[in-house]
Amino acid sequence: MALLFKRGILSQLLLRGRQLTTKLSTKGMPEACLTCANESRYSGSWGYRRIHTSKFLSTTIELTYKRLPELKRGPYAEVTQKDIEYFETILGKGGVITDKDELEGYNIDWYKTCKGCSSVLLRPRTTEEVSKLLSYCNEQSLAVCPQGGNTGLVGGSVPVFDEIIMSTSLMNEVFDLDQMSGVLGCQAGCVLEVLEKYVGERNYMLPVDLGAKGSCQIGGIVSTNAGGLRLVRYGSLHGNVIGVEAVLPNGNIVDCMSHVRKDNTGYDLKQFFIGSEGTLGVVTKVALLCHPTPSAITVAFIACPTFEAVLKTFRSCREKLSEVLSAFEMMDGATMEAIEQNVSLRNPIGLSPFYVLIETVGSEQEHDEEKLASFLETAMENNIVTDGTMSSDPGHVRELWDVRERAAEALLHDGYVYSYDLSLPSKAYYHIVPVMKDRLGSKVKRCAGYGHVGDGNLHLNITTQDYDPEVIKLIEPFVYDWTTKNGGSISAEHGMGIKRCPYLSLAKSPNSIKLMKDLKALIDPKCILNPYKVFPYEVNSFSEF
Amino acid sequence: MAMRVLVGCKRVIDYAVKIRVKPDKTGVVTEGVKHSLNPFDEIAVEEAVRLKEKKLASEVIAVSCGPPPCQETLRTALAMGVDRGIHVEIGGKDYETLQPIHVSKILAKLAQEEKVDLIILGKQAIDDDANQTAQMTAAVLDWPQGVFASKIEKMDGTLKIQREVDGGVEYVEAKLPAVISSDLRLNEPRYATLPNIMKAKKKQIAKKSISDLGVDITPRVEVLTVEDPPVREAGAKVESVEELLTKLKDLGRI
């Protein structure tokens, strides 16, 4: 992959080296951050040697705290040698990483848009270790950034300054799957694909599926309340997660691991950890409700001439396919272009302004195929579908899903992605895309939209070659204002992270925000867990210290 | 003059499905497992349909040997553009012991009956990886063969076939009628479009039995056991070169 970018990047790196001079005051900045900043300054020559490694891109990524000069580092301690020695007594030498090169990947998010300067990575294996570490950090006022697979798209999984990164990657034990109830118990660091395989061998399937399944971990998925591709049928994680074990910032272990579906005893505490993006606790164990693997899976990949046709198709699908419909995904022409150009997958059908992937899942192959086929026949007669293909062969099903699942990756290869995850009522669902296209014109490479039409969730992706602050100014807050005005949500499933948190007031009322802030202050009075995320910066002004 | 083309369509366990060995070690689990058209046969079908689109072929006939579900496999081929199908019904024990030697005789017989000019088969099936049927069929018919084909060009009364061989690429010219086996890079098969999937339901699939064709399918090969490959053992980490050498010596490797 390094070779692909070599020619373009080399010239940019050399330019960077000359341009990068820190005008930001370094007064009061921790050593770790300064070292990072200094290295970026020398990226011209240092970066050139690094072209031949897969991490070469990191030299062109700006440190988050530099990009957000209004953000001040909180009143946390800095990591000292004494702290490292303590961590090593808990985790052993292998569990504490301080090597700069190794830390690069953990300091940078998947989109390569956010970069922190943490100098320590901790890798606990058990809940007890997490508890001891958090208790210590709380005492010492050390900030911690919990991290799972680091596939989050809003910069919530990487540090902003020098927060200690606590990775759940080594907490990957699968406990068991109850064959009667379908409840799966496992540690938070299990990779989704591994869990999929585990339950698949026992004829069960997970209620959640994401394009990032090869890397994302269940703890992170739960912490961000990820939506994914199966939400239209199985609902959100708030319903499918029936147990959670988490560690509070003060080290207390809160065990809400349940193996029974119904439990109305007191407050449903696990819901606090689902979707709070690691700001209220570190999730260490999860109990997930799984469903029996369907014996019949059929996928249709179709072309629609207009967005109205997509909506009509969805409405029709809901009625005619009802109980067997399990996914309804859409992508536009620009997304398909990116997929063909950047990840060399071919368009399964002819060119069209809109593409839809429909999946049906049931217990009788022939019945489902007939239902889907007759539905599509009618749709084609009515011209809401103009072309398409369908198959139940597992190989073809996977290939067709691949085309949809690799959309994010394909757009990433354009250079820099400004990604927005909006929930919109169906009438307004796609309109933001042409609006942004007009607004940005030739300043951007591509303006693409794809997403879970079934849940009203659009992923708006705008790409440029490099990060351009002018483009950001044109996009934000316009896109958020537009969404709110049209009755939508500014973050359907990706969460707030650091990218969306300035706009929390657009999404929630002042009383709601106050209640959230009060809860946070109650559970994390020193604000050590994943600071700077979810809440707008002014809330993080630490005036209570 | 346009050719009449025959393509072989074998029904195999789908490539995306995980294979499990039967506990009695007599074979792999096929009951309730998803099957589909052998990927190399899909490439063969695609090539035949392209020849028809270029008007180099006048009719394309797909053949599948096996139990009734083979008709679904034929429907996939029909949906891709094949004109009609022939299902040679073979079930039970006979099907379990069916080998390339038998299939090649069946295909040869059908090719003669249908007066076919070109047979395109997949180079191998992904279940047995035999890579024998195309070669045997050509031998039975005494026709020239171009196997592992990555490109086919129609010349005057002959075919120029580009073959992928160990040393690189080889060109062979074969007089018609001929047998070809498709390799991976011959083409990228199309996804059947919805209108064609609908049309395929109405296309004809003729049924034939083994006795109709007069082919002897007595097994010549007996499968003794089918076992999983040995489980991969965990590796061991060593701290130094000296330790590595000691370990290798202990294992008798050096």
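Author: A cavity is a set of points, on a 1 Å grid over the protein atoms alone, where a 1.4 Å probe fits but cannot get out, whereas a pocket is an open set with protein on both sides within 12 Å along at least five of seven lines; lining residues have an atom within 4 Å of a point. Grid points are joined across faces, edges and corners, and a volume is the space filled by probe spheres set on the points. On these terms, five cavities of 30 Å³ or more are found in the whole structure. The model is predicted: local features need pLDDT of at least 70, side-chain atom pairs count only at pLDDT 80 or more, and totals for chains, interfaces and linings use all residues. Residues are numbered from 1 along each chain as its sequence is written, chains are lettered from A and ligands numbered from 1 in the order in which they are written, and side-chain values use heavy atoms, with hydrogens and water left out.

Reader: What makes up the lining of the second largest cavity?

Author: The second largest cavity has a volume of about 50 Å³. Its lining includes Arg73(A), Leu142(A), Asp162(A), Glu163(A) and Tyr532(A). By class the lining has seven nonpolar, no polar and three charged residues, where Ala, Val, Leu, Ile, Met, Phe, Trp, Tyr, Cys and Pro count as nonpolar, Asp, Glu, Lys and Arg as charged, and the others, Gly among them, as polar.

Reader: Which residues lie nearest the centre of the second largest pocket?

Author: They are Glu369(A), Ser392(A), Glu72(B), Arg75(B) and Thr76(B), out of 31 lining residues. The space in this pocket is about 990 Å³. The largest share of the lining, six residues, comes from α2(B); helices (H or I, at least four residues) and strands (E, at least two) are DSSP runs, numbered from the N terminus.

Reader: How do you know that chain B and chain A are in contact?

Author: Contact means heavy atoms within 4.5 Å, and 21 residues of chain B meet that condition with 24 residues of chain A. The two chains bury about 1900 Å² between them, 56% of it on carbon and sulfur atoms; buried area is the accessible area (1.4 Å probe) that two parts lose on being put together, summed over both. Lys34(B), Tyr191(B) and Leu194(B) supply 40% of the area that chain B buries against chain A, more than any other three residues.

Reader: Why is the pair Glu188(B) and Arg346(A) called a salt bridge?

Author: The term requires a side-chain nitrogen of Lys or Arg within 4 Å of a carboxyl oxygen of Asp or Glu. For Glu188(B) and Arg346(A) the N to O distance is 2.9 Å, so the pair qualifies. Another is Arg446(A) with Asp414(A), at 2.8 Å. Arg446(A) lies in strand β17 and Asp414(A) in the loop between α17 and β16 of chain A, so this pair ties together parts 32 residues apart in sequence.
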